[in-house]
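Trainee: I have a structure open and would like to learn how to read it. Could you take me through it, one feature at a time?

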Amino acid sequence: MSRETRGIVLDIQRAALHDGPGVRTTVFLKGCPLRCLWCHNPESWKTDPECAVAPGQDEGPKTYGLPMTVAEVMGEVRKDLVYYETSGGGLTLSGGEPTLQFEFCAALLRAAHAGGIHTCLDTCGFGPAERFLELLPDVDLFLWDYKATGRDLHKALTGVTPDTIARNFRLLYERGARIMLRCPMVPGINDGDAHLEALAGIARDFPDLAGIELLPYHDWGAGKYEMLGLPRPALAAHLPDEDLLRKWRGYFEKTGCANVVVA
Amino acid sequence: MTMTDSTCIECAPRGEIFDRPLALELAFTDTYRRHRNDPIALREAKCLRVQFPAILQPIDGRDLFAGRIRYPLVGFSPEPMGLGYYCCFKTVRETLEKLPFSTAERESVEDMLVFWEAECTHAKTRAAFPDSLRRALPSDEWMSTSGIAFPLYRMAGITLDYGKLLELGIPGLKRLAREQAASCDGERSLFDGMGAALDVLEDSCRRYAREAAELAAAGGERARELEQMSEILEALTSRAPETLREAIQLFWLYALLSGTWNYGRMDVYLGGFLADDLESGRITREEALGLLRSLWRLITAYDNQYNNRVFVGGRGRPDEKAADQFALLAIEATRTVITNQPQLSLRFYEGQNPELMRAALTCLGEGRTFPILYNDDVNIPAVERAFGAGPDEAAEYMPYGCGEYTINHASVGTPNGVINLLKCLEVALHGGIDPMTRQPCGIPTAAPDRFTGFEDLWQAYARQVEHHLEALALQEKLTYDVTGAAAPFLLVSLLTDDCVRRKKEVFSGGVRRLGGTIETYGNINVSDSLCAIRRLVYEDRVCTLSDIIRACDADFSGFEDLHRRLLGAPKFGNDLGEADDMARRTHDHVCLSAQAQAARAGLDTYLVVIINNSANVNFGAHTAASADGRRLGEPLANAVNPQAGRDRSGTTAFLNSLTKLDPGIHAGAVQNMKFSRGLFTRNRPKLEAMLGGYFRSGGTQAMITVVSRDDLEAAMREPEKWGHLMVRVGGFSARFIDLPRGTQLDVLARTLNE
């Protein structure tokens with residue numbers, strides 16, 4: 001592995017304010033092993049670059065995914081060093097599932113650490129345990145998805161069972177990884193009482209978590225399915241309203257989970 | 001920009017003895033004519049005597065200070081009405097048509113107009129142009145005609161030594177003028193004139209003292225307040241001010257009578273008065289805030305959104321603690337008096353009391369757009385280089401108006417010309433012809449089909465720029481010379497370094513630094529265009545230069561594919577080496593070319609200013625489509641900001657691009673930035689970190705807008721211009737324009753709930 005290692009980059013978003021502490025550069029890698037029904041980035045599923053045409057627009061086809069070397073990506077990332085310093089920010093790898101392009105992902109994290117840049121890994125947690133262990137020294141904070149409670153439901157909603165993810169989570173937690181749990185909350189789909197109870201249980205059982213963030217569902221990705229020629233998953237979700245947000249907040253206040261916040 | 005004829009009707013006077021329309025104008029003209037051949041200082045003093053206190057307006061119901069003004073249609077003004085002796089010809093003629101006048105009156109007015117047509121300072125300046133200048137600057141109509149460069153006739157950006165005013169008071173200044181007059185070997189009229197001008201100021205105090213006393217005598221809840229106002233105004237005629245209220249009153253009347261409207265480092269010259277008043281218990285902080293709020297309203301009434309600068313903060317303040325206390329009060333006044341004036345500006349440096357920046361950001365976050373932020377740690381070394389000044393003098397740098405730097409009460413730097421750089425490129429691409437008029441424009445250069453490479457194009461562009469800068473610098477000096485020969489500007493010279501010591505008028509050897517500036521427009525359109533041309537024609541070779549010229553001439557109609565490619569070329573504002581390097585090259589070229597004109601023209605400095613006002617829109621309207629993808633008639637980029645909507649790589653990329661242009665070779669470049677309200681509230685530490693990073697990387701200044709409902713609605717109407725607008729909903733951020741319409745409406749609604 002070297003600085004010449006190549007990967008397929010979906011996007012590089014600078015001045016990202018919501019993907020970890022401080023001001024960050026979020027690098028989105030293509031490819032994802034999950035197929036969450038609420039996914040708003042279906043262009044990140046395939047690892048290979050792909051073309052899409054926005055219907056009714058004269059802008060011409062748009063390419064998703066650009067092969068880049070570690071050195072090229074880090075060149076972009078380093079442009080904002082001064083803002084990482086003033087804000088406590090750094091690099092966030094996201095996706096897709098960034099660990100799917102494992103070598104590239106590992107090389108980027110290592111390069112960032114070698115340059116003194118704080119790192120976050122935004123992951124669904126699905127993959128071989130040894131890969132996560134290998135990345136551990138170069139990840140300052142895991143942004144770890146927790147998507148659904150219950151084995152069947154998880155499988156139905158994401159395409160995979162939660163077993164591997166849960167195992168990896170425990171393993172990393174025990175090895176001292178710093179983890180922020182991020183939970184997409186899709187009303188009517190994964191926000192049942194059992195889910196809330198499970199989250200409260202996690203907050204109790206894993207007191208050293210960096211936090212648990214609830215991410216209210218939105219449907220902005222809807223148009224992308226059409227562009228990519230993909231069927232839009234049937235999802236009987238509705239958008240969360242203020243009452244629901246209040247209910248969630250109220251629940252975690254009542255159960256004494258100060259660590260849980262609604263983003 | 002100066003007021004135009006069409007707004008002058010607002011300035012018609014309401015003085016007691018001049019109830020008849022145009023009576024004051026005729027009296028002024030008569031006085032001028034009688035003293036036409038007197039020494040210019042005495043002539044000016046006589047003219048001031050006609051104007052003041054006649055044009056001072058009544059004390060308004062809530063004013064805590066006396067001082068409102070309305071200029072006549074003919075008169076004398078350093079800044080508000082144009083240049084020196086002025087006449088609003090158009091409005092006078094309209095008045096003559098609209099209102100009944102006797103035949104004799106009509107004749108007098110016609111006679112007056114004929115007189116000023118040759119005698120007003122503007123006309124004298126134009127008449128003094130040598131042939132070479134007439135050729136290079138053929139038109140004055142920069143708002144309505146196509147062209148490269150245009151002269152402006154004005155003086156602007158004078159900031160007076162108010163510290164000296166408040167220390168000496170009127171009696172002290174009169175003593176100074178007398179002593180100086182006595183020490184003159186020969187010609188002493190300058191100081192006699194200053195003495196006479198101070199008499200006019202004194203009389204204006206008395207006139208307002210009487211008015212306040214009369215209003216007080218009429219009773220009512222304001223009686224005590226007005227009585228005090230009257231006492232203060234009376235006291236100011238016999239001694240220097242002793243309290244904050246007295247100091248503000250004297251400052252304000254002097255500013256009005258001097259005809260200048262940028263107020264310098266207010267925390268330095270008022271901070272001590274505030275501290276003394278608070279310490280002695282003479283007033284409470286709340287009362288002091290009330291005084292400032294009243295002053296802010298008076299400044300707003302002295303309506304000029306382009307000027308009215310008040311500075312607080314920064315290095316070089318002798319009593320920093322007192323100044324900080326005043327600065328915080330000033331920011332609070334701006335936060336709570338909701339107007340667009342004064343243009344409160346905060347200078348800051350690493351190690352300054354952090355309270356000031358905190359208060360400033362809170363004020364900005366509430367959507368005030370003030371204070372404007374200036375980074376001393378970058379600006380002071382930059383001003384040292386640009387002005388050739390020592391560190392102490394550079395620490396007195398003082399932006400005024402739209403953002404032109406001067407040295408506090410020691411320099412003038414009027415922008416007396418405008419140049420459309422994109423028109424220079426356009427003409428260069430048409431071999432010396434303006435495609436908008438199909439007439440020759442500027443100097444003839446080689447036809448583009450003879451260019452052998454990119455450097456030939458660059459040279460053709462550069463020659464147009466240099467040719468016009470040469471002319472503009474000479475015109476600037478000439479304007480100063482003609483203006484200086486017309487008037488000494490007594491109240492300005494009295495408080496401008498080093499006029500008194502040198503015994504010279506401000507424009508005739510008095511001011512320490514006689515500087516000029518040139519407003520340049522289209523800088524970024526030029527660099528983005530050159531970058532696109534170099535990439536597509538000379539590197540990727542996907543089209544020829546004549547393809548691009550034809551596409552621009554056709555406003556891209558029939559050239560949609562090429563238009564897309566041009567838009568797709570690297571653009572300034574995205575932290576991209578290629579585009580930013582080209583921006584640096586054009587920036588260095590125009591700035592250094594201007595700088596090189598100073599000595600030739602006989603100026604101490606001649607510097608580029610890249611500011612924002614409506615000129616980018618006016619010039620844009622007369623500029624063809626350009627190779628950066630900008631369409632025919634669209635506005636040029638604002639100041640050195642990216643062309644609207646072309647910065648699409650996030651806030652930090654935008655900020656990084658801004659810091660790449662050398663600040664040490666010009667006299668101010670405006671940096672506009674818009675942020676979302678959420679950033680100022682929910683993500684304040686991250687916002688502070690981004691601004692901190694920008695300033696640490698060499699950011700000179702920030703003019704911050706916090707986006708409002710209007711911005712979001714505009715973004716929905718014209719998404720192509722709002723690529724930079726980021727919004728936060730739920731768990732992540734998105735570019736607003738990428739969102740489907742329904743979500744945009746949703747975001748719009750949520751923003752309103754904040």
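**An enclosed helix**

Mentor: Start with helix H17 (residues 421–428) of chain B: eight of its eight residues are buried, so the helix is largely enclosed by the rest of the structure. A residue is buried if 20 or more other C-beta atoms lie within 10 Å of its own, exposed if 12 or fewer, and partly exposed in between, with C-beta atoms placed from the backbone. Helices (H or I, at least four residues) and strands (E, at least two) are DSSP runs, numbered from the N terminus. This is a predicted model: local features need pLDDT of at least 70, side-chain atom pairs count only at pLDDT 80 or more, and totals for chains, interfaces and linings use all residues. Residues are numbered from 1 along each chain as its sequence is written, while chains are lettered from A and ligands numbered from 1 in the order in which they are written.

Trainee: Which residues of H17(B) are buried?

Mentor: They include Leu421(B), Leu422(B), Lys423(B) and Glu426(B).

Trainee: What covers the buried residues of H17(B)?

Mentor: The cover includes strands S13 (415–420), S14 (433–434) and S16 (513–521) of chain B. Helices H18 (454–486), H22 (523–539) and H25 (577–595) of chain B are also among it. Here contact means that the C-beta atoms of two residues, placed from the backbone, lie within 7 Å.

Trainee: How do I describe a pair of helices?

Mentor: Two packed helices are described by the angle between their axes and the distance between the axes. Take helix H13 (residues 320–336) and helix H14 (residues 354–365) of chain B: their axes come within 10 Å and cross at roughly 5°. That makes H13(B) roughly parallel to H14(B). Angles under 35 degrees count as roughly parallel, over 145 as roughly antiparallel, 65 to 115 as roughly perpendicular and the rest as oblique. Axes are lines fitted to C-alpha atoms, for helices over the stretch in contact, and angles run from 0 to 180 degrees between N-to-C directions.

Trainee: Which residues meet in H13(B) and H14(B)?

Mentor: On H13(B) they include Leu328(B) and Ile331(B); on H14(B), Leu356(B) and Ala359(B) are among them. By class, the contact has seven nonpolar, one polar and three charged residues. Ala, Val, Leu, Ile, Met, Phe, Trp, Tyr, Cys and Pro count as nonpolar, Asp, Glu, Lys and Arg as charged, and the others, Gly among them, as polar.

**Where the chains touch**

Trainee: How many residues does each chain give to the contact?

Mentor: Chain B gives 25 residues and chain A gives 20 residues. On the side of chain B that touches chain A, H30(B) has the largest share, six residues. That side has eight nonpolar, 13 polar and four charged residues.

**Whole chains and confidence**

Trainee: Where in chain B is pLDDT under 50?

Mentor: pLDDT is the predictor's confidence in each residue, from 0 to 100. It stays under 50 over residues 1–17 of chain B. Over residues 728–733 of chain B the pLDDT is also below 50. Chain B averages 91, and 94% of the residues score at least 70. The model scores ipTM 0.92 and pTM 0.91.
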